[in-house]
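The sequence and structure come first.

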Amino acid sequence: MNNQYQLVYVWSKYLRLFHWLNVLTISMLLIIGLIIFNAKSLGVTVEGKILLKTIHVIIGYFFATNLVFRILLGFFGKGYERWRKTLPFTKNFVNDLKQFNQNPHKKYKGHNPLGKLMVAALLFSMFIQMVSGLVIAGTDIYYPPLGKYFATSIAVDSNKLELIQPYSKENIDQQAYQAMREIRKPFITAHVYAFYTLLFLIPLHIIGVIIGERREKTALVSSMINGYKYLPKEDE
């Protein structure tokens, strides 16, 4: 190894765990989401659609738990787990962005300024997906945490909530059901737009990582596996 460079521990095991669980769950959610979205043209039966939605929601719970863990880590974690070192909301960010434009080959211990913007955009989109997804799960297949509330709100007899099932009209007050569907409309819209936003951002993120690795040559890709970047000693 060149003695002017050293391996510097940057990404904690918790950040790396979040990252790869996020990659796995989002990939699965996007694929299943596309199938659900195109269920009619693909000839998926009602039973098949309910099964796909159930799987989608269960994976969504893992995604949401992982995202909440990351949010808390940003407030209570250490080093580059903290939001002040991850997001582009510090008072010096504009100057950092100008310096990055002037010297795009500069090596960064954490994210470079464009990387911070990407992290903010991805996290915001994922947060919208999480919140809207939980509401949709509650109004569509009556899953927790809001499923019981919505099922009760549309029930003819609230003592027989077990009769309320996806795509069934049994024990359902149609007027209350239509009111519930109106409540869920903006969440559906948000979910769809966040879905397409992620479909745009994820490839952009991958391209950005590849370009960043070619410019910085800091082992950017492998650092998300082992936690270490290859940095000049002066950047400690």
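## Salt bridges

The structure holds two salt bridges, a salt bridge being a side-chain nitrogen of Lys or Arg within 4 Å of a carboxyl oxygen of Asp or Glu. This is a predicted model, in which local features need pLDDT of at least 70 and side-chain atom pairs count only at pLDDT 80 or more, while totals for chains, interfaces and linings use all residues. Residues are numbered from 1 along each chain as its sequence is written, and side-chain values use heavy atoms, with hydrogens and water left out.

| Salt bridge | Distance, N to O |
|---|---|
| Asp140 and Lys53 | 2.7 Å |
| Lys185 and Glu182 | 3.0 Å |

Side chains of opposite charge can pair when their charged atoms come close. Asp140 belongs to helix H5 and Lys53 to helix H3 (residues 46-76), so this bridge ties together parts 87 residues apart in sequence. Helices here are DSSP runs of H or I with at least four residues, numbered from the N terminus. Asp140 and Lys53 are both buried, that is, under 20% relative accessible area, where exposed is over 50% and partly exposed lies in between (1.4 Å probe, protein chains only).

The other pair sits within helix H7: Lys185 and Glu182 are three residues apart, which separates them by about one helical turn. Lys185 counts as partly exposed because its relative accessibility is 47%, and Glu182 counts as partly exposed at 47%.

## Packing of H5 and H7

H5 packs with helix H7 (residues 174-216) at an angle of about 145 degrees, their axes being 8 Å apart. Axes are lines fitted to C-alpha atoms, for helices over the stretch in contact, and angles run from 0 to 180 degrees between N-to-C directions. By class, the contact of H5 with H7 has 17 nonpolar, eight polar and three charged residues. Nonpolar covers Ala, Val, Leu, Ile, Met, Phe, Trp, Tyr, Cys and Pro; charged covers Asp, Glu, Lys and Arg; the others, Gly among them, are polar.

## Asn112

Asn112 is placed in the loop between helix H4 (93-102) and helix H5 (113-140). Is Asn112 buried or exposed? Asn112 is buried because its relative accessible area is 14%. Leaving aside neighbours within four places in sequence, Asn112 is in contact (heavy atoms within 4.5 Å) with Phe100 and Glu216. A polar atom of the Asn112 side chain lies 2.7 Å from the backbone nitrogen of Gly115.

Conventions
Helix = DSSP H or I, 4+ residues; strand = E, 2+ residues; numbered from the N terminus. Polar contact = N/O pair within 3.5 Å; in protein donor to acceptor, adjacent residues only side chain to side chain.
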